[in-house]
Amino acid sequence: MLEALTNLLGERVSTAAAVLDQHGKDESHHTPAPPDIVVFPESSVEVAAIVRLCADARTPVIPFGAGTSLEGGIGALQGGVCLDMTGMNRIIQVNADDLDVTVEAGVTRKQLNADLRDTGLFFPIDPGADATIGGMTSTRASGTNAVRYGTMRENVLNVKAVLADGRIIQTGGRARKSAAGYDLTRMFVGAEGTLGVITEVTVRLFGVPEAISAAVCSFPSVENAVRCCMLTIQSGVPVARVELLDATQMRACIQYSNLDCEPVPTLFFEFHGSQASVEEQANTIQDIASEFGGGDFQWTGQTEDRNKLWQARHDALYAALALKPGAKAWSTDVCLPISRLADCIEETRFDIAASSLLATMVGHVGDGNFHVIFLLDPERPQDFVEAQRINDRMVSRAIAMEGTCTGEHGVGIGKRHCLEQEFGDALDIMRDLKRTLDPLNVMNPGKIFAQVP
């Protein structure tokens with residue numbers, strides 16, 4: 001295999017230990033699993049040729065983007081060949097009049113928005129990390145802007161993918177809607193590389209708002225903050241971002257990012273639109289917040305101040321880790337109908353308080369998604385057992401409330417055991433799709449399903 005790949009790609013093949021280690025781990029707590037070989041393709045044709053070689057040799061194929069996933073989705077559980085897609089980083093076509101762009105899978109979201117700066121358009125999906133568009137598509141990512149602009153599920157129009165037999169397919173076009181055949185695009189969005197390797201993606205773009213303003217508001221309790229958020233959404237206020245940080249997470253962010261805030265439950269807001277509409281949204285939410293004991297809003301319309309605020313939010317994981325030097329972070333999430341969000345958060349907080357673990361809580365609460373970051377001692381296996389117990393209770397609780405085991409982290413290996421509970425017999429249909437498109441089980445095996453009988 002190594003000789004065949006070297007003949008195909010030359011020096012863009014590596015078996016160096018450091019390179020293998022880098023490509024066997026993500027940002028999660030899961031045990032790293034390095035591949036046997038890492039390759040660096042530069043075109044869909046090269047990806048297809050690599051996949052055909054791997055299929056002939058029954059060798060696993062694992063796509064790799066930025067390595068920022070959180071559920072072990074890039075580990076080479078059975079060895080194999082890792083496809084590092086970062087060399088496929090060309091922005092193929094910006095269609096400004098149609099508000100869409102086609103990019104190669106290795107383009108990162110920050111790279112894309114930097115390229116779009118002079119067009120008056122932007123790509124809004126913001127998971128925090130500078131993830132690749134291919135990786136974000138594969139994990140069905142979302143982030144802080146999802147309450148206003150949706151997730152990758154709503155914003156991907158078409159993908160080009162290489163199937164397990166080496167065929168290159170397009171799943172759609174650039175039309176905003178279609179009633180033609182099965183929705184293959186949605187099938188690949190969130191498939192985590194188990195059905196094929198995504199090499200190109202066409203995504204929607206949006207106009208940069210005329211005015212943007214951000215605000216911070218503190219609350220006497222997490223429940224009050226969540227109730228404020230719920231009423232905001234139910235009232236139809238088109239808020240662009242609304243993020244919850246509990247008191248422990250706020251303390252961490254204040255220390256790590258030097259924020260001028262109080263270490264109490266807090267909501268971060270952002271408003272997009274015309275100057276008049278931004279002011280109207282802000283005034284409405286301030287009135288709502290006062291009903292739940294919210295303090296005075298701390299406002300900023302300055303780009304530098306807004307960037308500092310949202311960078312602090314994006315750095316929440318690293319801020320949490322700074323609370324317990326040497327700790328390992330286990331970041332997990334669930335998503336619920338917004339009417340059940342407060343109940344699920346409060347019951348989960350009770351579980352954490354009754355345990356011996358230190359954990360923080362953050363959430364994209366505008367769309368019912370929240371995260372728990374467990375801070376675990378690597379020398380105490382019982383910490384990981386306890387975190388797993390609380391996580392499983394949280395997932396079961398969310399599913400019982402008609403939610404999901406993961407709102408944006410994906411399944412990987414960390415949430416595989418939750419899918420039976422969430423989908424029941426429908427999980428068999430997913431396995432049937434996997435067997436049909438990947439009968440040799442070479443496409444990122446072990447992810448989503450532990451086994452495909």
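This is a predicted model: local features need pLDDT of at least 70, side-chain atom pairs count only at pLDDT 80 or more; totals for chains, interfaces and linings use all residues.
I begin with helix H11, which runs over residues 275-291. Its 17 residues reach 25 Å from the first C-alpha to the last, close to the 24 Å expected at 1.5 Å a residue. Which residues of H11 are buried? They are Val 278, Gln 281, Ala 282, Ile 285, Ile 288 and Ala 289. Because these residues cover an arc of only 125° around the axis, they lie on the same side of H11. The other side of H11 carries the exposed residues Ala 276, Glu 280, Asp 287 and Glu 291. As for packing partners, the buried residues of H11 pack against strands S12 (211-218), S14 (266-273) and S15 (298-300), and against helix H9 (222-234). Just after H11, Gly 293 adopts a positive phi of about 80°.

I turn next to the nonpolar cores. The largest has 55 residues, and those with the most contacts inside it are Leu 267, Phe 269, Ile 345, Phe 370 and Phe 374. Leaving aside neighbours within four places in sequence, the contacts of Leu 267 include Ala 215, Val 216, Phe 219, Cys 228, Leu 244 and Val 365. Another core, of 25 residues, lies apart from the largest one, and among its members are Val 101, Leu 121, Ile 125 and Val 156.

Finally, the sheet. Five strands form an open sheet in the order S5-S6-S10-S8-S9, with antiparallel pairing. From one strand to the next, the twist averages 10°. Strand S8, residues 156-162, pairs with S9 over 3 bridges in the antiparallel sense. Lys 160 has Gln 170 in S9 as its bridge partner.

Key. Residues are numbered from 1 along each chain as its sequence is written. Side-chain values use heavy atoms; hydrogens and water are left out. Helices (H or I, at least four residues) and strands (E, at least two) are DSSP runs, numbered from the N terminus. The expected span of a helix is 1.5 Å times one less than its number of residues. Buried means under 20% relative accessible area, exposed over 50%, partly exposed in between (1.4 Å probe, protein chains only). The arc is that of the directions from the helix axis to the C-beta atoms. Contact means heavy atoms within 4.5 Å. A nonpolar core is a set of buried Ala, Val, Leu, Ile, Met, Phe, Trp, Tyr and Cys residues joined through side-chain atoms within 4.5 Å. Two strands pair if DSSP finds at least two bridges between them. Axes are lines fitted to C-alpha atoms, for helices over the stretch in contact, and angles run from 0 to 180 degrees between N-to-C directions.
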